[in-house]
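This report concerns the local architecture of a single protein model. It should be read with the sequence and the coordinates at hand.

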Amino acid sequence: MRVKLQPRQQLLEVWGAAARASVRNGTWTWGGRDGSNSVSDAEQLLCFMHPASELPGFRLDTPDETAEDVLAALERFGDSVEIPRLLLKVIGEYLAAYTGVDGRPIFSGGSYFQSGEDDAQVTPEQQQLDVVDSFSMSITLSLGALGFLKVFRQSVRREDIRAEIRRLEELAGKRLSAAMVGLLRSFTVNVFDPGSAAGRALLRTVNQTGAPERRVLEDLRRELRPIRANVRDLTIGSGAEVDLDNENLLFECGWTWGIVKDAPRVETSEDVGPQPKGIAADQPFLYFTVNALVGVQDLWSTRTRVLGLLNDAQLTLSTALQRRWEITQLYWRTVAMYGKGQWPLEDIPWRTIDEKESDYYSLGVTAMVVQSLVNSRAGDVDLSRVAAVLEELAIRARIIRRAVSGDPPVQLHAPGVSVNLQGSDSLGPKMIWVVSDFAITLLKRTIWAASIAQNTETRERLLRLADGIWQHILLRRSKDGAGRGLWDQPDNAFPNLETHHDEPSWYFSERVVEFLVSAATASTESPLRSEELVDFAYQMLGEAEHLLDQELVTRPLTAGQTIQPKLRSIQATLNRARSIISSKPATANALVINALLDLEGLATARDSATETI
């Protein structure tokens with residue numbers, strides 16, 4: 001049975017829970033389950049800023065227009081005037097906390113960094129290392145803050161508040177620029193020989209038919225040729241200096257976990273403070289690549305363009321990132337969907353070039369493929385095959401199937417997948433980054449795929465899957481403690497787990513909010529239309545208009561007043577149907593059917609009158 005998703009109501013519930021967790025004893029409280037750091041605090045703020053930025057019904061920047069149900073959800077924050085002032089205060093706190101004494105915005109992983117060695121602790125120097133998640137989150141947060149400040153300023157008369165807004169706009173703009181520079185210095189192109197261990201692993205991944213390796217290599221080189229040409233044209237940031245003139249070499253591209261070792265400075269007129277040296281391994285990581293793509297896309301959103309949030313220098317940085325965004329998506333789509341038989345994507349689990357396998361890696365590649373298909377409005381043949389992959393991942397991860405005691409797939413959710421941060425051991429013990437967003441990432445990509453499915457069967461298949469995943473995620477909502485109403489309590493969905501948390505995970509909760517915003521946005525768009533339904537509606541409309549013309553010809557203008565208003569009403573109905581038939585063919589068809597019934601009623605009445613004469 002389908003469960004109706006109600007994104008507005010559920011977002012309001014999340015806002016109420018997030019407000020309770022954030023304001024305690026009348027004071028804003030930073031930090032959740034994993035402590036306070038530049039990523040977690042941004043995630044906490046985005047639980048409020050993201051819906052307020054993207055959904056008109058959730059706006060908080062214009063006190064006179066704040067909806068009543070929004071005020072009820074955020075009653076902890078105060079009234080319509082106090083809410084934006086509190087946000088102004090906490091935005092200022094965040095920007096101040098993560099700006100160094102030298103003026104450089106700080107993008108450190110902090111308490112999210114964990115030691116990969118049992119007998120060692122992450123050093124203070126390692127905790128200060130920049131991480132791609134912070135760059136990506138900071139782009140979304142900075143754009144949200146800049147938009148909020150720009151609109152809120154129009155409602156403010158007090159000069160001290162207006163001065164504070166100008167100060168925060170400067171800090172948010174600087175953080176935005178620094179985040180873009182950070183992502184440009186974290187992008188990487190890893191080049192390797194086909195005969196190397198990495199080359200052999202890539203060729204095994206794409207060769208799903210057992211074809212001769214030489215033929216596969218030649219074909220893959222041909223498929224990657226346009227991407228190779230685009231990579232050679234990169235000019236600023238890391239990855240720009242890679243020599244790809246030798247077409248015998250293979251490569252992969254994306255984002256590593258932090259600033260690439262020996263990454264060059266990015267020359268920009270923007271003041272971004274000192275650009276730190278990098279230590280991250282010069283190779284892409286699927287998790288960080290997916291997250292970078294999500295944040296970068298906000299730079300050219302409709303809202304960013306309409307509000308004019310980027311200056312000329314930032315537009316230049318944005319263009320450079322957009323090139324990398326397009327190249328990365330095209331690369332992973334090409335590799336994942338390579339060949340005429342089974343796709344490498346369908347060979348679960350995905351195997352990386354360093355010979356590691358995981359369903360999480362399959363999810364990361366699938367996420368990029370779905371994003372690419374959405375942007376290109378792909379056909380249903382591809383979507384049907386992707387839907388099968390999404391279903392398989394949901395089953396293997398025990399999201400829509402019951403887990404048994406000690407089931408290994410449960411570890412995807414708790415404690416999560418450990419990503420080794422290669423290169424971090426130059427400053428201390430080896431570090432790891434633990435990710436546990438498998439379920440919500442799978443749900444978001446499933447909804448994205450459903451949003452472009454033209455085939456009714458494929459769309460319903462994806463929506464049923466989304467319902468199953470959403471029910472799983474709802475089970476994982478906390479029922480008590482400071483995190484009541486937020487996420488994540490995986491032991492609610494997996495009873496054999498012996499974990500329980502009082503504090504919320506802003507990491508997981510923010511991703512749920514992000515999904516709900518996407519679902520709410522999709523519900524405001526025009527419904528998908530079927531060309532077959534459009535053709536059928538035109539045929540119905542043609543018959544109805546023909547019958548109406550007959551009635552207008554056979555009935556004189558002096559006909560009784562009860563008939564002529566009826567004909568005018570039918571004509572108006574058919575005119576309305578014609579005006580919407582291309583965008584809403586089913587609705588147009590319903591209008592035509594009503595008009596046909598009215599016309600048939602007139603014809604029946606006329607025939608009956610004729611028979612009585």
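The sections below treat helix packing, a sheet and several backbone features of this predicted model.

## Packing of H13 with H15

Helix H13 spans residues 359–376 and helix H15 spans residues 438–452; the two pack at an angle of about 25 degrees, with their axes 10 Å apart. Since angles under 35 degrees count as roughly parallel, H13 is roughly parallel to H15. The crossing of these two helices is left-handed.

On the H13 side, the contact is formed by Asp 359, Tyr 360, Leu 363, Ala 367, Val 370, Gln 371, Leu 373 and Val 374. These residues meet Phe 438, Thr 441, Leu 442, Arg 445, Trp 448, Ala 449 and Ile 452 in H15. Classified by residue type, the contact of H13 with H15 has 11 nonpolar, two polar and two charged residues.

## Packing of H10 with H13

H13 also packs with helix H10 (residues 286–297): the axes of H10 and H13 come within 9 Å and cross at roughly 25 degrees. H10 and H13 are therefore roughly parallel to each other. H10 passes H13 in a left-handed crossing.

The H10 residues in this contact are Leu 286, Tyr 287, Thr 289, Val 290, Leu 293 and Gln 297. Their counterparts in H13 are Tyr 360, Tyr 361, Gly 364, Val 365, Ala 367, Met 368, Gln 371 and Asn 375. The contact of H10 with H13 comprises nine nonpolar and five polar residues, with no charged residues. Tyr 360, Ala 367 and Gln 371 of H13 take part in the contact with H10 and also in the contact with H15.

## Packing of H9 with H12

Helix H9 (residues 213–232) and helix H12 (residues 312–336) have axes that come within 10 Å and cross at roughly 160 degrees. As angles over 145 degrees count as roughly antiparallel, H9 is roughly antiparallel to H12. H9 passes H12 in a left-handed crossing.

Glu 223, Leu 224, Ile 227, Asn 230 and Val 231 of H9 make the contact with Arg 323, Ile 327, Leu 330, Tyr 331 and Thr 334 of H12. By class, the contact of H9 with H12 has six nonpolar, two polar and two charged residues.

## The sheet S3-S9-S8

Three strands form an open sheet in the order S3-S9-S8, with antiparallel pairing. Strands S3 (113–115) and S8 (417–421) stand at the edges; each has a single partner strand, so one side of each is left without a neighbour in the sheet. From one strand to the next, the twist averages 45 degrees.

S3 pairs with strand S9 (residues 431–435) in the antiparallel sense over three bridges, and the bridge partner of Gln 114 in S9 is Ile 432. S8 and S9 also run antiparallel and are joined by five bridges; here, Asn 420 stands opposite Ile 432 in S9. The side chains of S8 alternate: Val 417, Val 419 and Leu 421 point to one face and are buried.

## Cis peptide bonds

Most peptide bonds are trans. In this model, however, a cis peptide bond joins Ile 348 and Pro 349, with omega at about 0 degrees. Pro 349 lies in the loop between H12 and strand S6 (350–351).

Another cis peptide bond joins Ala 414 and Pro 415, and its omega is about 5 degrees. Pro 415 is placed in the loop between helix H14 (380–396) and S8.

## Positive phi angles

Most residues other than glycine have a negative phi. Asp 262 is not a glycine, yet has a positive phi of about 65 degrees. This residue is found in the loop between strand S5 (250–255) and H10. Asp 262 counts as exposed because its relative accessibility is 67%, where exposed means over 50%.

Glu 355, likewise not a glycine, has a positive phi of about 70 degrees. Glu 355 is in the loop between S6 and strand S7 (357–358). With a relative accessible area of 40%, Glu 355 is partly exposed.

Terms used
Residues numbered from 1 in each chain as written. Predicted model: local features only at pLDDT ≥ 70, side-chain atom pairs only at ≥ 80, totals over all residues. Heavy atoms only, no water. Axes fitted to C-alpha atoms, helices over the stretch in contact; angles between N-to-C directions. Helix = DSSP H or I, 4+ residues; strand = E, 2+ residues; numbered from the N terminus. Parallel < 35°, antiparallel > 145°, perpendicular 65-115°, else oblique. Left-handed = near helix turned anticlockwise from the far one by under 90°. Contact = heavy atoms within 4.5 Å. Nonpolar A, V, L, I, M, F, W, Y, C, P; charged D, E, K, R; others polar. Pairing = 2+ DSSP bridges. Buried < 20%, exposed > 50% of the residue type's maximum accessible area, 1.4 Å probe, protein only.
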